[in-house]
Amino acid sequence: MSTSAAVPTGSEGAISGRGAVTDRLVEANQRYAAEFADPGMDARPVLKVAVVACMDARLDLHAALGLELGDCHTIRNAGGVVTDDVIRSLTISQRALGTRSVVLIHHTNCGMETITEEFRHDLEMEVGQRPSWAVESFRDVDQDVRQSMQRVRTSPFLLSTEDVRGFVFDVRTGELREVDAA
Ligand SMILES: [Zn+2]
């Protein structure tokens with residue numbers, strides 16, 4: 001797989017041109033700010049929970065989990081995998097900002113199931129430099145959720161590893177399915 005060939009095509013629609021998308025977001029923010037009232041919260045999440053999830057655009061965490069502003073930390077990356085940087089965020093979340101529960105969310109039809117570690121090799125061939133990070137692709141979503149739970153539970157940096165649960169979100173039905181840790 002060529003990395004350059006992996007760039008999606010045919011997604012040009014109403015939004016095109018350099019900066020046009022960002023301009024749209026900035027305009028939306030102006031409307032948001034006009035209605036915004038200071039919620040008077042501090043930075044500690046009300047529900048004392050951190051949610052680690054895939055960055056997938058079809059997963060609206062707040063809507064899917066009934067979360068409100070200020071309720072939780074959301075930590076997202078490609079796959080929702082527990083990398084060193086996720087451990088960094090969870091450590092700060094727990095030790096500086098008081099969260100105690102961790103919820104891990106992968107999902108069906110994840111892009112990480114369709115790429116392999118070959119991605120790194122292809123990238124190296126293309127740019128002449130091998131990335132320092134692992135791609136963290138996976139074949140079996142349940143197994144990857146289990147591995148992520150294990151990485152959280154065994155981290156020496158976290159204060160609280162008792163309440164760690166993992167789920168797969170179905171992008172077609174909107175339902176969460178819990179993955180057993182065992
Ligand atoms: Zn995904």
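**Close-up views of a predicted model**

**View 1. The run of elements along the protein chain.** From the N terminus on, the order is α-β-α-β-α-β-α-α-β-β. That makes five helices and five strands in the protein chain. The model is predicted. Its C-alpha trace spans about 50 × 45 × 35 Å along the principal axes. The protein chain has 182 residues, and 24% of them count as buried. Take the contacts between residues at least 6 apart in sequence: 67% of these join residues at least 24 apart.

**View 2. The open sheet of five strands.** In what order do the strands lie? The order is S2-S1-S3-S4-S5. Pairing in this sheet is mixed. Strand S2 (72-77) and strand S5 (176-179) form the edges, and each pairs on one side only. From one strand to the next, the twist averages 25°.

**View 3. The pairing of S1 with S3.** Strands of a sheet pair through backbone hydrogen bonds, either parallel or antiparallel. Which sense joins strand S1 and strand S3? Strand S1 (residues 49-54) and strand S3 (residues 101-107) are parallel, with five bridges between them. Within this pair, valine 51 faces valine 103 in S3.

**View 4. Helix H3 on the sheet.** Helix H3 covers residues 84-95 and packs on the sheet. Which strands does H3 touch? The helix touches S1, S2 and S3. The direction of H3 makes about 175° with that of S2.

View 5. Helix H5 (residues 141-153) lies across S3, S4 and S5. Strand S4 spans 164-169. Helix H5 runs at about 155° to S4.

How values were computed
Residues are numbered from 1 along each chain as its sequence is written. This is a predicted model: local features need pLDDT of at least 70, side-chain atom pairs count only at pLDDT 80 or more; totals for chains, interfaces and linings use all residues. Helices (H or I, at least four residues) and strands (E, at least two) are DSSP runs, numbered from the N terminus. A residue is buried if 20 or more other C-beta atoms lie within 10 Å of its own, exposed if 12 or fewer, and partly exposed in between; C-beta atoms are placed from the backbone. Two residues are in contact if their C-beta atoms, placed from the backbone, lie within 7 Å. Two strands pair if DSSP finds at least two bridges between them. Axes are lines fitted to C-alpha atoms, for helices over the stretch in contact, and angles run from 0 to 180 degrees between N-to-C directions.
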